[in-house]
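Hi,

Here is the structure I promised to pass on. Have a look at it first, and then read my notes below.

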Amino acid sequence: MKQLSNSVLMVRPVAFRMNEQTTENNHFQKELKGMLPSAINAKAQQEFDSFVAKLRAVGVQVFVVEDTLETDTPDSIFPNNWISFHENGDVVLYPMFAENRRNERREDVLDFLEEKGFVIENVVDFSSAEEEGLFLEGTGSLVLDRANSKAYCALSPRADEELFIEFCEDFDCAPVVFEAFHTVDGKKELVYHTNVMMSIGEDFAVICADMIVDKKERKMVLDSLRADNKDIVLITESQVNNFAGNMLQLLGADKKYTVMSEAARKVLTVKQITQLEQYGEILSSDLDTIEACGGGSARCMLAEIFLPRA
């Protein structure tokens, strides 16, 4: 199985704002006071378009779908939470914590990808778990090591353990499950998505191990990464707060790229950048508005497409 993709799905926002339904457990969101909603959306579109242009300039195939005003979907810019694509032709649909995020699931996206020559063999739909109040938010909740058939998951209100195990059984992955905490107003809170505190590339893994408070769990996660010969790049909680954990390695036209926001790149140390650059060029883009209002960053905006081509 391949770990890296050359193709990504991205959704261009039309009514981006801070989603009031996600703030109760996404502590990365911030209100931009003094900015009109139209100005916030315009700035998010500008950041989105610039990011797409940078990815395309290095040969990443970006398939852009426009969001629609018919649905109230302020977080549509983060498609990786509701859908994932797999080499065997499977598409997975995920159960979402926020009710207004459930409207992001769109069949026309699958039609669009088929028109572009991708082959969809089967749709695996976990979304009915929402009725039981159980959630698993795609490759936000799951950090997949596809090449080694492993899935990492930090449990949270958005990542149910039983659903995670079910996913692993369906996709023949070894589950690596743990809890990760960050400090919010002086208290320890569960991290809402695994992909804000860890990322797995082909030959490296970025992780804030300190957020795994339980020492046995921390050792288990690090041992698992080392067993697969990952070069571990340790980051701090302060760096996580600037989205340094929310990166994704992609294939460009002729080399690998580690994609992240400009805010993430700025907080990495020289040593960390040197470590990462052994495995590809860093590609960063200014996503300040998207990060502040959305509480997500570069990786959340990218749904990698591993589907076979017709």
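Strands here are DSSP E runs of at least two residues, helices are H or I runs of at least four, and both are numbered from the N terminus; two strands pair if DSSP finds at least two bridges between them. Strand S12 (residues 204-207) and S13 pair in the parallel sense over four bridges, and Phe204 has Asp231 in S13 as its bridge partner.

Before I go on, some housekeeping. This is a predicted model, in which local features need pLDDT of at least 70 and side-chain atom pairs count only at pLDDT 80 or more, while totals for chains, interfaces and linings use all residues. Residues are numbered from 1 along each chain as its sequence is written, and side-chain values use heavy atoms, leaving out hydrogens and water.

There is another open sheet of three strands, ordered S3-S4-S5, also with mixed pairing. Its edge strands are strand S3 (83-85) and S5, each pairing on one side only, and its twist averages 20° from one strand to the next. Strand S4 (residues 90-93) and strand S5 (residues 122-125) run parallel and are joined by four bridges; Val91 is partnered with Val123 in S5. Together with helix H2 (residues 107-115), S4 and S5 make a right-handed β-α-β unit (right-handed: with the strands pointing away from the viewer, the path from the first strand over the helix to the second runs clockwise).

Now the rings. Phe, Tyr and Trp rings (the six-membered one for Trp) pair if their centres lie within 6.5 Å; planes under 30 degrees apart count as stacked, over 60 as edge-to-face and the rest as tilted. The count comes to seven aromatic pairs. One of them is Phe63 with Phe118, edge-to-face at 5.2 Å centre to centre and 80° between the planes. Phe63 lies in strand S2 (residues 61-66) and Phe118 in the loop between H2 and S5, so this pair ties together parts 55 residues apart in sequence. Both Phe63 and Phe118 are buried (under 20% relative accessible area with a 1.4 Å probe, protein chains only; over 50% is exposed, in between partly exposed). Arg309 lies over the face of Phe118, 4.1 Å from the ring centre; the rule is NZ of Lys or CZ of Arg within 6 Å of the ring centre and within 35 degrees of the ring normal.

Ring pairs also link Tyr94, Phe126, Phe167 and Phe171 into a cluster. Tyr94 and Phe167 are both buried.

What about disulfides? A search of the whole structure finds zero, taking a pair of cysteine sulfur atoms within 2.5 Å as the criterion. The Cys153 sulfur has its closest cysteine sulfur in Cys168, 8.0 Å away and too far for a bond. Cys153 is buried at 0% relative accessibility. Cys208 is in no disulfide either, the nearest cysteine sulfur being that of Cys300, 16 Å away; Cys208 is also buried, with a relative accessible area of 0%.

Cheers

How values were computed: Axes fitted to C-alpha atoms, helices over the stretch in contact; angles between N-to-C directions.
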